[in-house]
Amino acid sequence: MNYQLPMLLVLSVLLVACSDSNQSRSPVVPEFSEPGLVEGRAVWMNVCRNCHLMGIAGAPAITDHAAWVPRLSKGEEALYASALEGIRKDNAWTMPPRGGNPALSDAQIRSAVDFMLAAVDELNSD
Ligand code: HEC
């Protein structure tokens, strides 16, 4: 008896089921036409999304407008500084400097912050 075909069918059903449930839980990440935000989105999707899409490890998620309100009130320069230098609490990084990727330039980090703030605004349903 050849088990290959039934196994393939089971695997493909599982794959479809898994990708469906992921999609329904992950918000759609907004896109913008401004070149700076296009670059920022690319950086964000590679690095920042890991924590800031779903709000991993205490990171403010892009969909969580309430979590951003007190941060936004610090002003953009302070948020750039947090992203560049990181945030350290109780001798441990909460937000890692440059999202943990030291190869990213200051301009790339700033554009990722600009993108994230635009996305937070876009996804704000209040
Ligand atoms: C390993 C997870 C992780 C990654 C990756 C990450 N962040 Fe964060 N980020 C955090 C956490 C956690 C906080 C909240 C830190 C706190 O307030 O203690 C945070 C907070 C922030 C804030 C708010 C800072 C403030 O002053 O309130 C900004 C802006 C930010 N991150 C930008 C970025 C950018 C841009 C990237 C990608 C280059 C990135 N983060 C990647 C975990 C991450």
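**Ligand shell.** I began with the ligand, which 29 residues surround. The closest of them are Cys-48, Cys-51, Ser-82, Met-95 and Gly-99. I noted that this is a predicted model.

Which elements supply at least two residues each of the shell? I found α2, α4, β1 (87–89), β2 (92–95) and α5. Of the elements, α2 gives the most to the shell, with 6 residues. I then sorted the shell by residue class: 18 nonpolar, 7 polar and 4 charged.

**Overall layout.** I counted 5 helices and 2 strands in the protein. Read from the N terminus, their order is α-α-α-α-β-β-α. The protein has 126 residues, and 20% of them are buried. I also looked at contacts with a separation of 6 or more: 60% of them join residues 24 or more positions apart.

**Helix α5.** Next I checked the length of α5, which covers residues 106–123. Its 18 residues should span 26 Å at 1.5 Å a residue. The C-alpha atoms at its ends are 26 Å apart, so expectation and model agree.

Which residues of α5 are buried? My list reads Gln-108, Ile-109, Ser-111, Ala-112, Val-113, Asp-114, Phe-115, Met-116, Ala-119 and Val-120. I looked up what covers them, and the cover includes α2 (35–52), α3 (65–72) and α4 (76–85).

**Core.** I moved on to the largest nonpolar core, which has 16 residues. Within this core, Trp-44, Ala-112, Phe-115 and Met-116 have the most contacts. The elements that give two or more residues to the core are α2 and α5. The most come from α5, with 7 residues.

I took Ala-112 as a test case. What does Ala-112 touch, leaving aside neighbours within four places in sequence? I found contacts with Gly-40, Val-43, Trp-44 and Cys-48. Cys-48 was already in my notes as one of the residues closest to the ligand. Trp-44 was there too, as one of the residues with the most contacts inside the core.

**Loop residue.** Last, I went to Ile-56, in the loop between α2 and α3. Is Ile-56 buried or exposed? I logged Ile-56 as exposed, because it has 11 C-beta neighbours inside 10 Å and the cut-off for exposed is 12 or fewer. Neighbours within four places in sequence aside, Ile-56 is in contact with Asn-50 and Cys-51. Cys-51 is again among the residues closest to the ligand.

Note on methods
Residues are numbered from 1 along each chain as its sequence is written. This is a predicted model: local features need pLDDT of at least 70, side-chain atom pairs count only at pLDDT 80 or more; totals for chains, interfaces and linings use all residues. Helices (H or I, at least four residues) and strands (E, at least two) are DSSP runs, numbered from the N terminus. The expected span of a helix is 1.5 Å times one less than its number of residues. Two residues are in contact if their C-beta atoms, placed from the backbone, lie within 7 Å. A nonpolar core is a set of buried Ala, Val, Leu, Ile, Met, Phe, Trp, Tyr and Cys residues joined through C-beta atoms within 7 Å. A residue is near a molecule or strand if its C-beta atom, placed from the backbone, lies within 6 Å of it. Ala, Val, Leu, Ile, Met, Phe, Trp, Tyr, Cys and Pro count as nonpolar, Asp, Glu, Lys and Arg as charged, and the others, Gly among them, as polar.
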